[in-house]
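Please look through the model below before reading on.

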Amino acid sequence: MKYASYRSVFKMYEYIQPFLKYSSPLEEKLQAKKVLVIAPHQDDESIGCGGSLIKFVKDGGHLEIAFCTTGEPERMKETKNATQILGSKINHFFQFEIRSLYSNTDKLADCLSELFFYKIKPDIIFMPFMIDNHQDHVSISKAFCKAYKKTKIDCLIYAYSVWQVLIPNVIIDISKEWEQKKAAIECYKTQTASRDYVTMASSIAQYWAQVKGKNTKYCESFFKISSGKYADMVRKIL
């Protein structure tokens, strides 16, 4: 299953309902010392959760990013510039081909297990939500589920979206970090040449700011859940 089926989507809504509130709380600060971002592609980290990462690093947190696929040399240069803005201390590159993750979930799971156990034991993992509408994005959750079975990492998952509207249970105000997030996205000129990711990210961030109110201008939204419950959800739905 490269994408989530309609049946999976309905099951997902039933599963996440207990985790939702009428009004998603506004989270001022990530309760973590170490954060790991799993990015299917080089730019997802900036689009999906860049503002929250910048805010976290400003507060003194340690950030690392794992890029599952690797692009052309020019995109590698763009990634270096973007991650400097985000404040990532270490970047990991798994070197899979774009749109190949679905057929390599076992190998990707091994990469994640090694990362969790030997290289970083994160308090929070940011990753694409399980039904984010791209086969590589969906594959991240499937690989995480397999990795969790081998290495039962105890942390929180903050699932972000790039290609699918997310039903969040936590919102983070990134109004002060928006310009830096925008600059990080703009580093990826090879990608923004064909699609206006800045406008896309800005529109979503402004939408959630209006939903939340409280004098916010830009907000990022996430589905927050424990690692064990997320793995269980993925097993039951995908």
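In which sense, right-handed or left-handed, does helix 4 pass helix 5? The crossing of these two helices is right-handed. This is a predicted model, and the geometry described here is computed from it. Helix 4 covers residues 105–119 and helix 5 covers residues 135–150. Their axes come within 8 Å and cross at roughly 55°.

The strands come next. Strand 1 (residues 34–39) pairs with strand 2 in the parallel sense, over six bridges. Within this pairing, valine 35 is set opposite leucine 63 of strand 2.

On to strand 3, residues 90–96, which runs parallel to strand 2 and is joined to it by five bridges. Alanine 66 has histidine 92 in strand 3 as its bridge partner. From strand 2 the chain passes through helix 3 (residues 73–86) to reach strand 3, in a β-α-β crossover that is right-handed. Strand 2 itself spans residues 62–69, and seven of its eight residues are buried, so the rest of the structure largely encloses this strand.

Glutamine 95, with phi of about 70°, lies in strand 3. Its relative accessible area is 52%, so glutamine 95 counts as exposed. Arginine 99 has phi near 65° and sits in the loop between strand 3 and helix 4. With a relative accessible area of 48%, arginine 99 is partly exposed.

The cysteines remain. How many disulfides does the count come to? The count is zero. Cysteine 49 takes part in no disulfide, and the nearest cysteine sulfur, that of cysteine 68, is 13 Å away. Cysteine 49 is buried, because its relative accessibility is 0%. For cysteine 111, the closest cysteine sulfur is again in cysteine 68, at 8.1 Å, which is too far for a bond, because a disulfide requires the sulfur atoms to be within 2.5 Å. Cysteine 111 has a relative accessible area of 22%, so this residue is partly exposed.

Key:
Residues numbered from 1 in each chain as written. Predicted model: local features only at pLDDT ≥ 70, side-chain atom pairs only at ≥ 80, totals over all residues. Heavy atoms only, no water. Buried < 20%, exposed > 50% of the residue type's maximum accessible area, 1.4 Å probe, protein only. Helix = DSSP H or I, 4+ residues; strand = E, 2+ residues; numbered from the N terminus. Pairing = 2+ DSSP bridges. Right-handed = clockwise from strand over helix to strand, strands pointing away. Axes fitted to C-alpha atoms, helices over the stretch in contact; angles between N-to-C directions. Left-handed = near helix turned anticlockwise from the far one by under 90°.
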